[in-house]
Amino acid sequence: MNKIKVETISNPYEVVVGSNLINQKNLEILEDKEVLLVIDENIPSKFKDLITDQLSNLSSNFQSLEICASEENKSVKTLDSIHSKLIDARYSRDCVLVGFGGGITCDIAGFAAATYQRGVNFILFPSTLLSQVDASVGGKTAINHPQGKNMIGAFHQPIKVFADVDLLSSLPKIEISNGLSEVIKHALISDKRYFDWLEKNMESIISLKSEALGYAITRSVEIKAEIVSEDEKEKGIRKFLNFGHTFGHAIELYGEFKEFSHGQSVAMGMLMAMELSKLTEGFSEEDLNKSKKLISKANPDLNLKIAFDEKKLLENMSVDKKRMGNKLIFVLLEEIGQAKVRADIDESKIVRAIQSLV
């Protein structure tokens, strides 16, 4: 079991990575608290029953709410259902929300906690690789708007995160691939040695070998925790965590949140961002090819023959949060492990980066 500190100014907390984490010892901080469990309806029954039993024994007033965790349901309507449950149960500001599910569940449970009675505590049990290495760490909480992903949200840190690797064993392969896009992102922006390790151990991670999987989750959380601890509200280096996401979120919107998963969109977005890095920052062809090979290995079902409508993708980017005035912000690479932020890129080069995927 590994424990990683996230030293934010607003609320320092711990991310625990390990096995068999749904137990009374870990949850004793909820004793005699009003607790609402917000849980993805697709969580296997054995884990639903286990956490329900633990929380109902500890809580002074336990309620649960199952949600259908989809991008379409990451909405005001679902948020309202959580708020209504809290209000109907007469929960006070001393209540705690527990989010149990993937990135969508973590985001919306966190945003519900951020907005109920101006902010209450929450704990996360991320159930996918993507949510364990990314969505559950750093306090970004949000819902979608029809015109853009995560457009309505708040920074609100959890009080504890439990990344239980046992939850990953029942996931379909595509969910592992989705998470690996973020794992690779962490290496690309921050740690060349980690990238080299991923090249050698990718098959073991995909096969869910416990030692390799545990290290990948721990190292990715460490990287994100270091960045978030230094820059909680994304005024500086936290922008590096958006590598591939300016393109990626535009791709998700392009496919109406149905055609491409978040991980696939980020994978394609990183490839476009690296092509843009080659055009503007001297990112080497060798590093680009190594990165493309690793991304393709992690995402074997990724279709890299898509001819995107450049104008539509640029239009989608124009409503993205990651802008400086009317200029798009891009995270680019000088080399593997060395990121920088640019907001003065010529549109013709952005178009060439989009076209490079074909």
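In the predicted model, an open sheet is built from 7 strands in the order β1-β2-β9-β6-β5-β3-β4, and their pairing is mixed. Strands β1 (2-6) and β4 (61-67) lie at the edges with a single partner strand each, so one side of each has no neighbour in the sheet. On average, neighbouring strands of this sheet are turned by 15 degrees against each other, direction ignored. Strands of a sheet pair through backbone hydrogen bonds, in either a parallel or an antiparallel manner. Within this sheet, strand β3 (residues 34-40) and strand β5 (residues 96-101) run parallel and are joined by 5 bridges. Leu37 is placed opposite Val98 in β5.

Helices pack on the sheet. Helix α3 (residues 76-88) touches β3, β4 and β5, and its direction makes about 165 degrees with that of β4. Helix α8 (residues 210-230) lies across β1, β2 (13-18) and β9 (160-164), and runs at about 15 degrees to β1.

A hairpin is formed by β12 and β13, with 2 residues between them. Strand β12 (residues 330-335) pairs with strand β13 (residues 338-342) in the antiparallel sense over 5 bridges, and Leu333 stands opposite Ala339 in β13. In the turn, Gly337 has a positive phi of about 95 degrees.

Helix α12 (residues 310-317) packs against helix α13 (residues 347-355) at an angle of about 115 degrees, and the axes are 10 Å apart. The crossing of α12 past α13 is right-handed. Glu310, Leu313, Leu314 and Met317 of α12 make the contact with Glu347, Ile350, Val351, Ile354 and Gln355 of α13. By class, this contact of α12 with α13 comprises 6 nonpolar, 1 polar and 2 charged residues.

Key: Residues numbered from 1 in each chain as written. Predicted model: local features only at pLDDT ≥ 70, side-chain atom pairs only at ≥ 80, totals over all residues. Heavy atoms only, no water. Pairing = 2+ DSSP bridges. Helix = DSSP H or I, 4+ residues; strand = E, 2+ residues; numbered from the N terminus. Axes fitted to C-alpha atoms, helices over the stretch in contact; angles between N-to-C directions. Left-handed = near helix turned anticlockwise from the far one by under 90°. Contact = heavy atoms within 4.5 Å. Nonpolar A, V, L, I, M, F, W, Y, C, P; charged D, E, K, R; others polar.
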